[in-house]
Amino acid sequence: MIEAIDTDDANAIYETLVTEEPSEEINVFEMMDELDERYRSIVWEYYFEGKTLRQIGESRGYTKQYAHQELQKAIKILRQHAATSSER
């Protein structure tokens, strides 16, 4: 089970996801909830636990490259969610 994200961690991922200032506040906690468990856990381990892509991949039986691809997919989903949220 993934623990709650604290504000500092939320700010770190927010800075990674948003390239321009949104017109409205975006809730990183809600964005993380939108991810499937596999993506959420990869984002969590990489950004909040500080694991390397190699460590994440090895723990799942992936290569480092595949772990990177999965992380990039997760970031893309989060960015799309952020864009959609800021348009409301």
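Close-up 1. With a relative accessibility of 14%, Phe48 counts as buried; here buried means under 20% relative accessible area, exposed means over 50%, and partly exposed is in between (1.4 Å probe, protein chains only). Trp44 is buried too, at 9%. (Helices are DSSP runs of H or I with at least four residues, numbered from the N terminus.) Rings of Phe, Tyr and Trp (its six-membered ring) pair up if their centres lie within 6.5 Å; planes under 30 degrees apart count as stacked, over 60 as edge-to-face, and the rest as tilted. By that rule there are three aromatic pairs. One of them is Trp44 with Phe48, a tilted pair at 4.9 Å centre to centre and 45 degrees between the planes.

A quick word on the model: it's a predicted one, where local features need pLDDT of at least 70 and side-chain atom pairs count only at pLDDT 80 or more, while totals for chains, interfaces and linings use all residues. Residues are numbered from 1 along each chain as its sequence is written, and side-chain values use heavy atoms, leaving out hydrogens and water.

**Close-up 2. The largest nonpolar core.** A nonpolar core is a set of buried Ala, Val, Leu, Ile, Met, Phe, Trp, Tyr and Cys residues joined through side-chain atoms within 4.5 Å. The largest one here has 17 residues, and Phe48 is among those with the most contacts inside it, along with Met32, Leu35, Val43, Leu71 and Leu78. In soluble globular proteins, nonpolar side chains tend to be buried together.

**Close-up 3. Glu70, tucked away in helix 5.** Glu70 belongs to helix 5 and is buried, at 0% relative accessible area. Its side chain makes a polar contact with the side chain of Lys73 (3.0 Å). (That's a pair of N or O atoms within 3.5 Å; within protein, one must be able to donate a hydrogen and the other to accept it, and residues adjacent in sequence count only if both atoms are side-chain atoms.) Leaving aside residues up to four places away in sequence, Glu70 touches Arg38, Tyr39, Ile42 and Tyr62, where contact means heavy atoms within 4.5 Å.

**Close-up 4. Met31 and Ala82.** Met31 lies in helix 2 and is buried, at 1% relative accessible area. Met31 and Ala82 are 51 residues apart in sequence, yet 7.3 Å apart in space, C-alpha to C-alpha.

Methods
Helices (H or I, at least four residues) and strands (E, at least two) are DSSP runs, numbered from the N terminus.
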